[in-house]
Amino acid sequence: MRIDVVTVFPDYLAALDLSLIGKARQAGLLDLRVHDLREWTTDRHRTVDDTPFGGGAGMVMRPDVWGQALDDVLGADGRLVIPTPSGEVFTQRHAEALAAESHLVIACGRYEGIDARVAEHYRAAGREVSELSIGDYVLNGGEVAALVLVEAVGRLLPGVVGNPDSLVEESHGAAGLLEYPVYTKPPVWDGLEIPDVLASGHHARIDRWRRDRALERTAQRRPDMIAALDAAALDKHDRAL
Ligand code: 6GU
């Protein structure tokens with residue numbers, strides 16, 4: 001997959017050289033390119049923003065500069081992704097859909113955001129445009145959100161996560177539940193023991209215990225996820241909980 005990120009702070013994306021995503025890039029599984037938006041400015045001051053029509057605080061990013069940049073970077077197959085606090089809330093389902101694309105272009109806005117005509121223009125031209133928020137809080141720009149998007153999408157690409165089983169049993173996976181608590185050595189730490197069942201070697205009981213804890217945790221922390229569960233996917237034991 002190819003991902004282009006366009007930003008006025010390319011250094012923000014340096015973290016994508018590290019860890020699993022960095023390795024995926026080195027292995028050629030992910031072709032990630034970061035661009036400085038100011039390369040598409042033509043004035044002496046390399047201006048990317050201006051005051052908002054209608055008045056109000058802050059600055060808005062200019063559509064002409066973004067249009068030049070995106071025309072160059074989108075190519076034939078690029079899907080435009082615009083991180084914005086006024087977007088749909090990004091979920092694992094969005095990550096799965098984006099991971100199925102061949103080319104994403106992430107346009108990071110700063111200030112009060114990007115002139116709304118940019119999304120409108122590319123939609124009118126027949127492109128898919130995803131305006132996505134990473135949660136209900138305000139950041140100073142789209143860069144941190146771009147890091148989140150690239151990591152969430154990148155780890156779903158074939159070969160990026162070493163053991164693909166890790167992608168199955170996790171929070172926000174197919175079960176629609178948060179993940180159960182996990183433990184490792186030592187078996188006693190700070191006077192705290194691991195749950196006996198996990199050392200029992202009894203796989204059916206371990207699976208049942210994990211599902212119960214996942215249900216319990218989800219009910220406590222994310223009642224909205226319990227409400228969204230498909231009743232047909234619950235067994236008798238689940239319903240008793
Ligand atoms: Cl994508 N951008 C900004 N600036 N703030 C956010 C966000 C995005 N998602 C949540 N807050």
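## The sheet and the core around it

In this predicted model, five strands make up an open sheet whose order is β2-β1-β6-β5-β7, and the pairing between them is parallel. Because β2 and β7 (129-133) stand at the edges and each has a single partner strand, one side of each is left without a neighbour in the sheet. From one strand to the next, the twist averages 30°. The pairing of β5 with β7 is in the parallel sense and extends over six bridges, and in β7 it is E131 that stands opposite I82.

A helix, α5, lies across β1, β2, β5 and β6, and its direction runs at about 115° to β5.

The largest nonpolar core holds 43 residues, of which I106, A107, A146 and V150 touch the most other members.

The largest share of the core comes from α5, which supplies six residues. In soluble globular proteins, nonpolar side chains tend to be buried together.

Which residues is I106 in contact with, leaving aside its neighbours within four places in sequence? With those neighbours set aside, I106 is in contact with I3, V5, V81 and P83, and also with A146 and L149.

Definitions and conventions. Residues numbered from 1 in each chain as written. Predicted model: local features only at pLDDT ≥ 70, side-chain atom pairs only at ≥ 80, totals over all residues. Core = buried A, V, L, I, M, F, W, Y, C linked by C-beta atoms within 7 Å. Buried ≥ 20, exposed ≤ 12 C-beta atoms within 10 Å, placed from the backbone. Helix = DSSP H or I, 4+ residues; strand = E, 2+ residues; numbered from the N terminus. Contact = placed C-beta atoms within 7 Å. Pairing = 2+ DSSP bridges. Axes fitted to C-alpha atoms, helices over the stretch in contact; angles between N-to-C directions.
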